[in-house]
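Here is a short walk through a protein model for someone meeting it for the first time. Take a look at the picture, then we'll go through it piece by piece.

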Amino acid sequence: MHTDTQIPYMAHVPAGKQGEIIRTFNQSGEFDFACILPGHYEAGMVGKIKVVVAGNKATPGH
Ligand SMILES: [Cu+2]
């Protein structure tokens with residue numbers, strides 16, 4: 001994988017393209033991810049990653 005930044009937790013992805021970040025979480029919980037370009041976080045370019053322990057039936061209905 002190549003990124004412009006070479007920082008493992010960041011990826012520069014052109015519009016309409018895909019990128020990949022591999023990250024190993026060492027604890028469960030909810031984590032935010034977001035675009036760091038000025039104004040983009042405020043515009044909603046943000047999301048959450050929910051990390052659960054394997055085998056943990058944390059999702060209702062499953
Ligand atoms: Cu953005």
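The protein chain has 2 strands and 0 helices. Keep in mind as you look around that this is a predicted model. The two strands are E1, which runs over residues 29-34, and E2, which takes in residues 46-51.

How do E1 and E2 pair up? They run in the antiparallel sense, joined over 6 bridges. Two of the pairings are handy for finding your way. Aspartate 32 has lysine 48 in E2 as its bridge partner, and alanine 34 stands opposite valine 46, again in E2.

Now, how much of the chain is tucked away? Of the 62 residues in the protein chain, 0% are buried. E1 is hardly covered either, with a count of 0 buried residues among its 6.

Let's zoom in on lysine 48, which lies in strand E2. Is lysine 48 buried or exposed? Lysine 48 counts as exposed because it has 9 C-beta neighbours inside 10 Å, and the exposed class takes in residues with 12 or fewer. Leaving aside residues up to four places away in sequence, lysine 48 touches Glu30, Phe31 and Asp32. Take phenylalanine 31 as an example: 17 residues separate it from lysine 48 in sequence, yet their C-alpha atoms are 5.5 Å apart in space.

Step back to the segment before E1 and you'll find valine 13 there. With 13 other C-beta atoms within 10 Å, valine 13 is partly exposed. Its contacts, not counting residues up to four places away in sequence, are Gln18 and Gly19.

Isoleucine 21 also sits in the segment before E1. From isoleucine 21 to alanine 11 is 10 residues in sequence and 6.8 Å in space, C-alpha to C-alpha.

Valine 53 has 8 C-beta neighbours inside 10 Å, so it counts as exposed. Follow the chain back from valine 53 to glutamine 27 and you cover 26 residues in sequence, while the C-alpha atoms of the two are 8.0 Å apart.

That brings us to contacts over the whole chain. Taking the contacts with a separation of 6 or more in the protein chain, 9% are between residues 24 or more positions apart.

An unreviewed UniProt entry carries the annotation "domain: Blue (type 1) copper", which covers residues 21-51. What does the chain look like over that stretch? Over residues 21-51 the chain is 39% strand and 0% helix, and the C-alpha atoms at its ends are 15 Å apart.

Methods. Residues numbered from 1 in each chain as written. Predicted model: local features only at pLDDT ≥ 70, side-chain atom pairs only at ≥ 80, totals over all residues. UniProt positions renumbered as here; feature names shortened; annotations may be inferred. Helix = DSSP H or I, 4+ residues; strand = E, 2+ residues; numbered from the N terminus. Buried ≥ 20, exposed ≤ 12 C-beta atoms within 10 Å, placed from the backbone. Pairing = 2+ DSSP bridges. Contact = placed C-beta atoms within 7 Å.
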